[in-house]
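Colleague: I've got a model open on my screen and would like to learn how to read it. Could you walk me through it?

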Amino acid sequence: MDLTLIIFVVTFVTLMAIGMPVAYAVGLTAVVVTAFADFSLDGLIITIFHSTDNVNLLTIPFFVFAGAIMAEGGMARRLVDFAGLFVGWIRGGLSLVNILASTLFGAISGSSVADTASIGSVLIPEMERKGYPRSFGAVLTASASVQAILVPPSHNSVLFAIVANTAAVTIPAMFLAGIIPTLVLCVTLIVMCLIAARKNNYPKEERVELKRKIKIASDAIWGLITIVIISGGILSGFFTPTESGAIACIWAMFVTFFIYREYKLKDFPKLIHRTIKTVTMVMVLIAFAAAFGSVMTLVGLPQEISAALLSLSDNKYVILLIIN
C-alpha cells in the first residue's frame with residue numbers, strides 16, 4: 001500500500017472519528033489527497049460541479065417537497081387512520097398500523113426522514129398513551145421507515161441509478177427491484193410485532209363502525225391516488241421519474257389546499273425553506289461524494305479492495321455474502 005493510499009484512509013477515518021459531518025469529511029479528504037498527490041485540483045472542481053449537473057437529480061427536490069407538504073397537510077394522519085382499518089383490531093394493532101402507514105407514506109415520499117417525521121409524530125405519542133414503551137414506538141418507527149428507501153420513489157434508488165449510469169440500471173428498474181424487499185421487510189416487522197404483542201399483552205384497538213370506515217377510506221383515497229400516479233406512471237413508462245416528481249408536487253398542493261384545506265398558506269414559505277435546506281444537504285453530499293470517488297479511483301483503493309476479496313474466494317455468492 002503506497003503512501004498516498006495511506007493518507008487517504010487515515011484522513012477519512014480521522015475526520016469521521018472527530019465527528020465531522022460525512023459530506024465535509026469526504027470532501028475534505030478528497031482535497032487533502034489531491035494536494036498531497038499533486039492531482040489536478042481543477043479536475044476535482046469540475047467533478048464536483050459535473051456530478052450535480054444532471055436533470056434526473058430534479059427528482060429528489062420534487063419528491064422531498066411533495067412529501068413535506070403531504071406530511072404537514074394531513075395526508076400522513078389519514079393514511080395512519082386508513083391502515084388502522086385493516087390491522088388496528090389485532091392485538092398490538094397500533095404497531096402494525098405504524099408499519100403499514102410507513103409503507104404507504106414511503107411510497108409517496110421516497111424518504112425515510114419524511115416517513116419518520118410524519119408517521120412518528122402521529123403514532124409514537126399515541127402508542128405511548130396506549131401503553132406501549134416509548135422506546136418500542138421509536139425503534140419501530142425508525143425500522144419501518146427504512147421501507148421508504150426501498151419502495152418507489154426511493155431517493156436512494158434514483159441516486160444509485162444515476163451513479164451506475166448503465167443501460168441495465170435505470171431508475172424504473174431500480175424502483176421495480178425495490179418492491180419485493182419492501183414487502184419482505186414489511187412482513188418481517190409485522191411478524192415480530194405480533195410476537196411482541198402476544199408476549200407483552202399490548203392492547204387491541206376498538207373496531208370502527210361502518211360509517212366511520214367509509215369516511216376514513218374516502219379521506220385517504222387522495223393519498224392512495226398519489227401512489228398510483230407516482231409508481232404507476234413511472235413503471236408504466238407514461239412519464240419519467242422527474243416528471244413524476246413534478247406531478248406529485250402539483251397533486252400534493254391540490255389535495256392540501258383544495259381538498260383537505262387544513263394547511264395555512266402563511267406557513268408555506270417555511271416549508272419551502274425546510275425543503276431547500278434538506279435538498280442542499282443532499283446535493284452537497286452528492287457533489288463531495290463524486291470527488292471522493294474520483295480520488296479513491298486515482299489512489300487505487302477499489303483495486304486493493306477487489307484484490308483482497310478475490311484472494312478470499314472467486315465465487316460470486318461468497319463475495320456477495322462477505323460484502324453484505
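Colleague: Let's start with side chains: which residue does Asp219 meet in a salt bridge?

Modeller: A salt bridge is counted when a side-chain nitrogen of Lys or Arg lies within 4 Å of a carboxyl oxygen of Asp or Glu. Here Asp219 pairs with Lys215, at 2.7 Å from N to O. Before we go on, this is a predicted model, where local features need pLDDT of at least 70 and side-chain atom pairs count only at pLDDT 80 or more, while totals for chains, interfaces and linings use all residues. Residues are numbered from 1 along each chain as its sequence is written, and side-chain values use heavy atoms, leaving out hydrogens and water.

Colleague: Why are Asp219 and Lys215 about one helical turn apart?

Modeller: Helices are DSSP runs of H or I with at least four residues, strands are runs of E with at least two, and both are numbered from the N terminus. Asp219 and Lys215 sit four residues apart in helix α11, so about one helical turn separates them.

Colleague: Are those two buried, partly exposed or exposed?

Modeller: Look at relative accessible area: under 20% is buried, over 50% is exposed, and anything in between is partly exposed (1.4 Å probe, protein chains only). Asp219 has 22%, so it counts as partly exposed. Lys215 is partly exposed too, because its value is 42%.

Colleague: And Ile214, where is that, and is it buried or exposed?

Modeller: Ile214 belongs to helix α11, which runs over residues 210-235. Its relative accessibility is 53%, so it counts as exposed.

Colleague: How many salt bridges does the structure hold?

Modeller: Four. One of them joins Glu126 and Arg129, at 2.8 Å from N to O. These two are three residues apart in helix α7 (residues 112-129), so they are separated by about one helical turn. Glu126 is partly exposed because its relative accessibility is 24%, whereas Arg129 is exposed because its value is 59%.

Colleague: Which residues are linked with Glu126 in a network of salt bridges?

Modeller: Arg129 and Lys130. There's also a salt bridge between Glu128 and Arg134, whose closest N and O atoms are 2.8 Å apart. Glu128 is partly exposed at 38%, and Arg134 is partly exposed at 47%.

Colleague: Let's zoom out. How many helices and strands are there?

Modeller: You'll find 15 helices and zero strands. The C-alpha trace spans about 70 × 45 × 40 Å along its principal axes, and 42% of the 324 residues are buried.

Colleague: What does α13 reach from its first C-alpha to its last?

Modeller: Helix α13 (residues 268-299) reaches 47 Å with its 32 residues, close to the expected 46 Å. Its buried residues include Phe268, Leu271, Met283 and Phe292. Gly300 follows α13, and its phi is positive, near 85 degrees.

Colleague: Which residues does Ser157 touch?

Modeller: Touching is a matter of contact, which means heavy atoms within 4.5 Å. Leaving out residues up to four places away in sequence, Ser157 touches Ile149, Met174 and Phe175. Ser157 lies in helix α9 (residues 155-164), and it counts as buried because its relative accessibility is 5%.

Notes: The expected span of a helix is 1.5 Å times one less than its number of residues.
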